[in-house]
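Reader: I would like to go through this model with you, starting with its strands and then turning to its aromatic rings.

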Amino acid sequence: MSVVMCRKLETLFLEESAIAEKENDEWIRELATNNSVLETLNFFLTDLRASPEHLTLLVRNCQRLKTLKISECFMPDLTGLFRIAQTLQEFAGGSFEEPDQQVVNRNYENYYFPPSLHRLSLLYMGTNDLQILFPYSAALKKLDLQFAFLNTEDHCQIVQRCPNLETLEARDVIGDRGLQVVAQTCKKLQRLRVERGDDDHGGLEDEQGRISQVGVMAVAQGCPELTYWAIHVSDITNAALEAVGTFSRNLNDFRLVLLDREAHITELPLDNGVRALLRGCTKLRRFAFYVRAGVLTDVGLGYVGEFSKGIRYMLLGNVGESDNGILQLSRGCPSLQKLELRGCLFSEHALAVAALQLKSLRYLWVQGYRSSPTGAGLMAMVRPFWNIEFIVPDQDGPCPDFRKQILAYYSLAGRRTDCPPSVIPLYPAF
């Protein structure tokens with residue numbers, strides 16, 4: 001459908017889409033010319049390009065625009081756009097990298113953001129660009145630094161100026177010290193996401209850029225309003241997990257990934273910490289715990305089953321010691337609808353029995369387990385309207401260790417008819 005026909009379009013969401021652009025950014029000009037009611041335009045993290053002139057025209061003509069998330073566009077060229085966009089509440093994209101490696105004089109003394117702008121995600125911002133945010137930091141409610149080239153000290157500098165943050169997204173280069181600043185400053189924080197940094201990419205690594213129990217405990221104690229917390233850590237202890245259960249009582253979504261950067265972690269196993277976390281965080285509906293062998297034993301999986309009464313989605317990685325672990329878990333979790341397992345030692349028969357015992361289960365995905373050549377051990381899982389797919393990756397495919405997978409799910413549509421050769425439907429729905 002032509003952009004010209006979209007005169008009443010209020011939201012255009014293309015984020016992370018793969019789109020071939022045939023006429024440069026002519027579509028932006030057409031949209032700006034033919035639409036005056038647009039409120040959300042999002043082509044963040046795409047290959048679509050837009051000139052500052054056409055973006056400014058769009059903002060001028062769409063005076064109800066509240067969210068603008070674009071691809072790369074040199075930030076010093078967007079000053080005029082921001083002076084016009086008086087209703088803009090969220091901006092993402094831009095870029096602080098010079099186009100064609102041109103040498104430019106970056107002068108941010110007169111840079112302007114509209115007073116209504118409260119949510120920001122800026123691409124490739126470096127240490128010398130931080131000053132652009134300082135005058136506006138106190139008004140920010142959301143700040144995304146995942147694509148910034150900042151070290152630990154830079155994160156501390158900006159976060160301590162953002163007392164009203166409700167959402168913060170960053171890489172683990174923020175470090176324990178950065179999370180301590182978050183805990184001291186951001187008392188209204190509700191959502192915290194700390195992803196793994198790219199160790200091989202200059203600007204995203206730092207000698208202090210590691211997260212451990214120190215940072216986790218600080219945030220748990222300092223940010224009591226958290227409802228969502230996803231974090232990649234290099235070390236963790238039972239005491240840190242217990243602190244989450246004690247202080248983060250509003251959590252409904254908690255996700256922890258233990259990275260493999262350190263040869264040893266401080267404390268094994270973490271069974272008691274997981275128990276304390278789940279006992280304290282009674283509002284949890286989503287729980288992910290992706291660790292390494294020995295961190296969560298069969299006893300710990302029993303605790304997960306016992307204290308996960310409200311959890312509907314669960315992802316577990318490299319947990320348990322034997323079939324008894326998954327069987328212990330499946331005797332609890334009365335609300336669990338979606339379960340994903342990776343890198344576990346459970347047999348097919350144990351997984352099938354567990355799926356039957358989890359009365360609310362609607363979806364099961366397992367990658368890495370004690371598989372048989374044919375998946376015959378899954379026979380115990382057969383039931384009406386329950387599709388079971390045994391997946392054997394091609395040895396020339398993208399899965400380097402050729403691990404077999406199980407996908408099982410309820411479907412009223414019956415058996416799939418479009419399975420590739422690597423997917424074997426074992427027991428079609430009735």
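Reader: In which sense do strand β12 and strand β13 pair, parallel or antiparallel?

Author: This is a predicted model, in which local features need pLDDT of at least 70 and side-chain atom pairs count only at pLDDT 80 or more, while totals for chains, interfaces and linings use all residues. Residues are numbered from 1 along each chain as its sequence is written, and side-chain values use heavy atoms, with hydrogens and water left out. Strands are DSSP runs of E of at least two residues, and helices are runs of H or I of at least four, numbered from the N terminus, and two strands pair if DSSP finds at least two bridges between them. Strand β12 (residues 313-317) and strand β13 (residues 338-342) share 5 bridges, and their sense is parallel.

Reader: Which residue in β14 is the bridge partner of glutamate 340?

Author: Strand β13 is joined to strand β14 (residues 363-367) by 5 bridges, and the two run parallel. In β14, the partner of glutamate 340 is tryptophan 365.

Reader: Is tryptophan 229 buried or exposed?

Author: Buried means under 20% relative accessible area, exposed means over 50%, and partly exposed lies in between, using a 1.4 Å probe and protein chains only. Because its relative accessibility is 0%, tryptophan 229 counts as buried.

Reader: How far from the ring centre of tyrosine 363 does lysine 338 lie?

Author: A charge sits over a ring if NZ of Lys or CZ of Arg is within 6 Å of the ring centre and within 35 degrees of the ring normal. Lysine 338 lies over the face of tyrosine 363, and its distance from the ring centre is 5.0 Å.
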